[in-house]
There are 2 protein chains.
Amino acid sequence: MQDVRPVRADRIEQWELEADVVIAGYGIAGVCAAIEAARAGADVLVVERTGGWGGAAALSGGWIYLGGGTALQRSLGFDDTPENMERFLCAALGPGADEARIADYSRGSAAHYDWLVDCGVEFKPEFWGEPGWEVPHDEGLGFSGGENAAPFNTAPASDRFSPAPRGHVPRMADKRTGVRGAGYMLMRPLVETAERLGVRAEYDLRVASLIVAEQDGVDAVVGLKARRYGHDVAIRARRAVVLATGSFAYNADMVAAHAPRLIGRPAAAIEEHDGVSILMAQAVGAAVAHMDATEVAFFGDPQLLARGILVNGRGQRFVPEDTYGGRIGQATLVTQDNQAYLVLDEAAHEAGCATATSTPYFRQPPTWVAESVAELEAEMGLPDGVLQATVELYNRHAARGVDPVLGKKPEWVRPIGTPVAAFDMRGFTAGFTLGGLRCDLDGRVQHVAGGAIPGLYAAGRCTWGLCAGGYASGTSLGDGSFYGRRAGAAAACEHAAEVRESAVK
Amino acid sequence: MQDVRPVRADRIEQWELEADVVIAGYGIAGVCAAIEAARAGADVLVVERTGGWGGAAALSGGWIYLGGGTALQRSLGFDDTPENMERFLCAALGPGADEARIADYSRGSAAHYDWLVDCGVEFKPEFWGEPGWEVPHDEGLGFSGGENAAPFNTAPASDRFSPAPRGHVPRMADKRTGVRGAGYMLMRPLVETAERLGVRAEYDLRVASLIVAEQDGVDAVVGLKARRYGHDVAIRARRAVVLATGSFAYNADMVAAHAPRLIGRPAAAIEEHDGVSILMAQAVGAAVAHMDATEVAFFGDPQLLARGILVNGRGQRFVPEDTYGGRIGQATLVTQDNQAYLVLDEAAHEAGCATATSTPYFRQPPTWVAESVAELEAEMGLPDGVLQATVELYNRHAARGVDPVLGKKPEWVRPIGTPVAAFDMRGFTAGFTLGGLRCDLDGRVQHVAGGAIPGLYAAGRCTWGLCAGGYASGTSLGDGSFYGRRAGAAAACEHAAEVRESAVK
């Protein structure tokens with residue numbers, strides 16, 4: 001990585017590129033910032049490290065977490081309100097979630113859906129309600145955060161949360177290009193919108209540090225230094241810079257320093273997520289938050305998980321097996337030291353595998369098969385009796401179709417019979433980082449002393465967004481797009497431009 | 001809090017105080033830095049926010065984690081080596097612990113003990129081996145990190161760790177003043193040593209920000225700005241500044257942003273732990289690490305804990321009840337959402353309370369008492385059968401005197417009979433923060449761009465020290481004193497002094 005220390009504007013010999021608003025990173029946050037900055041009248045330049053737009057968003061599954069009564073939710077008959085969405089997110093994304101941001105996001109969410117549609121993003125009005133890794137076809141709506149599972153659908157929580165699906169998925173099929181990824185189909189219309197608005201893009205430009213100039217006694221950001229083909233490129237931002245280069249999941253040093261449970265298991269779709277924006281901003285005094293927070297995927301077939309029981313290294317259940325995979329992943333990695341075994345009987349295994357929409361990608365032969373739970377437990381090397389006690393208790397309740405211990409939904413609760421198998425799922429997790437720069441609701445990067453750093457904005461996964469201790473699929477594309485728009489709009493109106501004009505050559 | 005933004009030296013009108021090495025904070029790290037800086041020939045000034053020396057250290061229990069074969073360990077017949085200590089700490093203080101620092105600390109630990117003794121700190125050559133909150137009298141050595149409990153004393157770990165007690169406690173009785181606290185008795189001889197070496201101290205001075213001047217193109221630290229009685233005081237550091245003002249446990253905003261599970265439950269002995277050093281250094285680009293890491297105390301009587309079983313909100317055991325209380329606290333707060341109940345029978349309760357060295361402070365009447373576990377479980381409102389299954393399994397193994405599930409030592413394993421009681425211990429945790437500034441092994445504060453910030457050193461709980469995901473009592477006074485010394489010695493030899501001399505008025 002290049003030196004992230006800020007460079008003073010009076011030492012810049014030549015400004016090679018220039019715009020009112022300069023955006024680093026052409027993923028979801030960058031493109032949304034670009035659109036709004038351009039609509040606010042700014043001349044906008046996006047600089048992107050790779051050879052093309054897309055970022056992690058284009059390679060992702062495309063989930064965007066939206067609700068509070070979006071047109072899609074309503075068209076499919078789901079009731080939701082901003083308050084209902086807010087209550088769920090405050091409960092599911094903590095501890096430590098930013099409740100003011102969640103309230104703000106929930107209130108603006110339905111309008112944000114309309115904005116995406118206006119930009120040309122298509123959502124097929126079809127709901128998918130089965131356990132699954134992604135939606136199997138091009139269905140536009142599904143549960144993506146455990147809203148319809150315990151503890152959110154069980155008393156007393158059920159009095160507070162009315163479970164609404166909020167995972168919005170862009171229509172995948174693309175008649176023109178044949179490309180099917182939902183993430184790509186989210187990004188393409190947005191980039192086309194930006195291009196129509198005159199947004200310029202420069203590729204193969206890797207941002208390295210901020211350029212600053214003194215303004216009213218404090219340093220203001222007036223540009224970016226980047227590298228291209230081995231040369232430094234100075235880029236002047238007449239109004240403001242927006243940082244949007246993604247998470248730090250692939251910066252091994254930062255992961256070790258902040259989120260050590262992710263060491264060796266990054267999964268942010270693209271390796272460009274090196275945390276450089278966070279470091280560049282910290283070098284000018286920016287505050288960070290929740291750098292330990294992580295999205296954690298669990299690499300198991302939800303159709304098998306829901307039909308079995310997941311136990312830890314002591315043979316104890318610890319999470320409702322029919323909930324959102326991200327909750328299973330976080331519980332496994334953070335609270336169970338990555339120890340997990342899936343136990344299910346032959347009938348449940350066959351039923352799960354027979355489901356048309358199961359996820360064959362995650363199929364593996366059972367690690368252990370036995371004629372009794374006692375035998376299975378011994379083969380697994382678990383302490384004598386632990387798995388037997390767990391299965392016995394589970395079966396006693398399952399005979400009545402209930403799971404009072406963890407609240408798995410009755411439709412998935414069946415006594416575990418024989419023969420019985422176990423899958424060794426220790427270490428079946430990976431994820432990306434959720435912590436980053438502290439921003440206000442307009443994307444202004446906050447200084448550790450409080451207040452904003454003049455001229456500096458950020459959005460997307462280089463910022464701390466909606467999540468702290470929890471996650472729901474779609475909240476990253478969600479807060480990245482929503483607060484990317486905010487940052488772009490505010491950056492375009494930065495008033496300090498004229499003052500700084502005189503501070504740079 | 002004052003503005004933590006750095007002030008440029010050329011804007012300082014008058015330097016009111018001046019020294020070669022200026023140390024912020026007169027706790028354990030500050031006093032050790034002061035001693036070594038003075039011994040290295042520097043003129044040393046300590047500025048302290050309160051009216052006197054001591055910091056959190058003087059009010060603490062005084063545990064210092066030392067080993068590898070200290071004179072005290074050897075005199076009491078305990079074998080230990082630096083390698084043995086290193087292996088344990090790497091396993092117990094992670095994930096994410098700094099293994100190079102642990103190796104360095106383990107190698108220097110026995111000599112550090114001798115240094116403390118040479119400074120006048122007394123340790124009584126007596127060992128205390130019972131479960132307890134602190135040593136009951138003035139015993140000098142005890143287990144303070146779970147070395148003698150599972151998983152470290154059970155196969156296969158027992159092949160790697162030879163359990164040695166490493167909690168060194170200064171002799172509490174003080175014939176001269178009658179003050180008995182071990183932490184005070186650690187601090188007083190150290191402060192007296194510093195005073196004999198000519199170290200000056202200024203009290204009622206609250207540090208606010210760093211003073212910087214450009215040196216070879218980067219900002220170097222040349223002093224501190226502080227506040228006293230409403231006025232700014234500029235303090236010039238001819239060689240370097242050492243930050244040693246403690247943790248951020250009492251900065252509610254920082255706790256919410258970095259360690260939200262500690263919201264509302266700080267316990268760092270003194271409220272001065274406001275994180276100001278971390279913010280001041282971040283404002284000049286300092287890197288931080290493991291800001292989420294926390295020491296977590298569990299407010300239960302170890303004599304009762306060892307004799308009972310501790311279960312979570314699902315009635316499951318999750319930690320060996322005879323281990324170090326800090327491990328119980330971390331497990332409860334981080335992995336069990338602060339849900340814990342202690343279950344024990346009448347005989348065990350009476351035996352625990354009858355122990356001369358139990359901790360009456362933590363005594364409370366049982367929350368629930370019942371004639372059977374089934375009845376108890378119902379009264380506690382736990383799901384039907386969960387506690388019964390747990391007790392049944394525990395008792396089956398206990399009948400043979402073993403605990404294969406969690407490895408509690410045989411001496412504490414007895415079948416749970418009736419009548420039986422449960423103590424509601426939900427929320428019985430509190431702690432302080434372990435994350436902070438990233439420093440090299442000489443205390444040089446690291447910039448996010450890599451490399452040191454010239455003129456800036458730090459030690460103690462405002463830095464990331466030995467711990468990340470775990471803790472052992474005494475590691476804070478341990479790394480604070482050990483790396484405080486290193487920082488003081490290195491600060492006294494900072495070569496940049498002359499260069500900066502010309503940069504300030």
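**Interface between chain A and chain B**

Across the interface of chain B and chain A, 14 residue pairs are in polar contact, both residues at pLDDT 80 or more (a pair of N or O atoms within 3.5 Å; within protein, one able to donate a hydrogen and the other to accept it, with residues adjacent in sequence counted only if both atoms are side-chain atoms). On the side of chain B that touches chain A, at least two residues each come from α7 (252-258), α8 (276-282), β12 (288-289), α10 (325-335) and α13 (386-398) (DSSP runs, H or I of at least four residues for helices and E of at least two for strands, numbered from the N terminus). The residues of this side comprise 21 nonpolar, 12 polar and 13 charged, with Gly counted as polar.

The model is predicted, with local features requiring pLDDT of at least 70 and side-chain atom pairs pLDDT 80 or more, whereas totals for chains, interfaces and linings use all residues. Residues are numbered from 1 along each chain, chains are lettered from A in the order in which they are written, and side-chain values use heavy atoms, without hydrogens and water.

Six salt bridges are counted between chain B and chain A (a side-chain nitrogen of Lys or Arg within 4 Å of a carboxyl oxygen of Asp or Glu). One of these pairs D384(A) with R396(B), their closest N and O atoms lying 3.5 Å apart.

Chain B and chain A bury about 3,800 Å² between them, 53% of it on carbon and sulfur atoms (accessible area, 1.4 Å probe, lost on being put together, summed over both). R5(B), R314(B) and V448(B) supply 15% of the area that chain B buries against chain A, more than any other three residues.

A rotation of 180° with 0.0 Å of shift along its axis superposes chain B on chain A (RMSD 0.0 Å), by least squares on C-alpha atoms of residues with pLDDT of at least 70 in both. This is the relation of a two-fold axis.

Methods:
Buried area = accessible area lost by both parts, 1.4 Å probe.
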